[in-house]
Amino acid sequence: MSTLKIAIQKKGRLSEKSLALLKSCGINIPNGTASLTAKAKNFPLEILYLRDDDIPQYVEQQVADIGILGLNEVLEKQKDVRQIEALGFSNCRLSLAIPKAQNYDGLSYFNNKRIATSYPEILGSFLKEQNILASIEEIGGSVEIAPSIGLADGICDIVSSGSTLLTNGLKEVQVILKSEAVLIASNQLSESKQQLLDRLLFRMRAVKNAEQNKYILLNAPNTAIAAISDILPGMKSPTVMPLAQEGWSSVHSVVNENDFWQVIDKLKTAGAQGILVVPIQKMIA
Ligand code: PRT
Ligand code: ZN
């Protein structure tokens, strides 16, 4: 029987969340990332712990079948791999930033300027698309200090909270890419490995769905049930059960996180009482 090999980051911002995602899919992985590989106990999955920069190449060469890494790295490395699923964590952006005191009047600011970055491919194609002629200074790390040491006029780097830019006297002037962790796969998966990937994806989606939704229970007078059902789309239609008290019912449904507060307000106006909201562990449509 075949085993699916997944590459995840050994140590860094993605490690913990990648492992947590596998765990939430019910996959039991022996503790510790001290060794380079691990075998899941209850799913035909082998884990390869790697540097994130190396993951696209390993997946292209089929050393790993699938991998989890930032979209920024996938696009920068330009390997022959396919993006399967956005995973919704480690959100960040790749942005251009310049010294705070500089006036900025649009992208043409960067004409004839030097930009330091660890993302020369993404930056190069962006500048080309925008018809900006700037020179790219490729550096491996600590990009944010490049302007203050005179290496560059601006930088192109990953921004999350913005505090690194702030402490280095820089301001963000243009977002080039919005990034998050993604699942990538080899373009050459055998049929049996593709089947394993489909099983894994099914679980990942169930977990993601569950995270985006809440289970809601409430009590309402029977006269309000029709109005409340209209507010609560649920997976099909809400479950309505009679309460011991004559003329009242309990209504159960599922609400999307994004609509949550709006829905609650409408439910109260429609006559709902004793509203309970509980997290969902897995959700299969
Ligand atoms: O050793 P290895 O090569 O595996 O790790 P790495 O050092 O290359 O990567 P790592 O662990 O730092 O980041 C892995 C991935 O996390 C990145 O490729 C991004 O997709 C994502 N990510 C999310 C981030 C950030 N947030 C982030 N804030 N990657 C880097 N940063 C850095 C950024 O470079 C800058 O120095 O944090 C600083 C900015 O953060 P703020 O919050 O101050 O704006
Ligand atoms: Zn890296």
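Ala, Val, Leu, Ile, Met, Phe, Trp, Tyr, Cys and Pro count here as nonpolar, Asp, Glu, Lys and Arg as charged, and the others, Gly among them, as polar. The legends below describe a predicted model.

**View 1. Residue classes in the shell around ligand 1.** The shell is made up of 4 nonpolar, 10 polar and 7 charged residues. Altogether 21 residues surround ligand 1. Asp53, Asn72, Ser161, Gly162 and Thr164 are the closest of these.

**View 2. Polar atoms of Arg51, Gly162 and Thr164 beside oxygen atoms of ligand 1.** From Arg51, a polar side-chain atom lies 2.8 Å from a ligand oxygen. Gly162 places a polar backbone atom 2.7 Å from an oxygen atom of ligand 1. For Thr164, the distance between a polar side-chain atom and an oxygen atom of the ligand is 2.5 Å. Ligand 1 taken alone exposes 840 Å², and the protein buries 78% of that area.

**View 3. Ligand 1 in the largest pocket.** Three elements, α3 (71-77), β9 (154-159) and α5 (163-167), each give two or more residues to the shell around ligand 1. Strand β9 gives the most, with 3 residues.

**View 4. Ligand 1 between domain 1 and domain 2.** Domain 1 spans 4-89 + 180-210, and domain 2 spans 92-179. Ligand 1 lies between the two domains because both give residues to the shell around it.

How values were computed
Residues numbered from 1 in each chain as written. Chains lettered and ligands numbered in written order. Predicted model: local features only at pLDDT ≥ 70, side-chain atom pairs only at ≥ 80, totals over all residues. Heavy atoms only, no water. Near = heavy atom within 4 Å. Polar contact = N/O pair within 3.5 Å; in protein donor to acceptor, adjacent residues only side chain to side chain. Areas by Shrake-Rupley, 256 points an atom, 1.4 Å probe, with all protein chains shown as cover. 1 Å grid on protein atoms, 1.4 Å probe; cavity = no way out; pocket = protein on both sides within 12 Å on 5 of 7 lines; lining within 4 Å. Sits in = over half its atoms within 2 Å of the grid points. Helix = DSSP H or I, 4+ residues; strand = E, 2+ residues; numbered from the N terminus. Domains from an automatic or database assignment.
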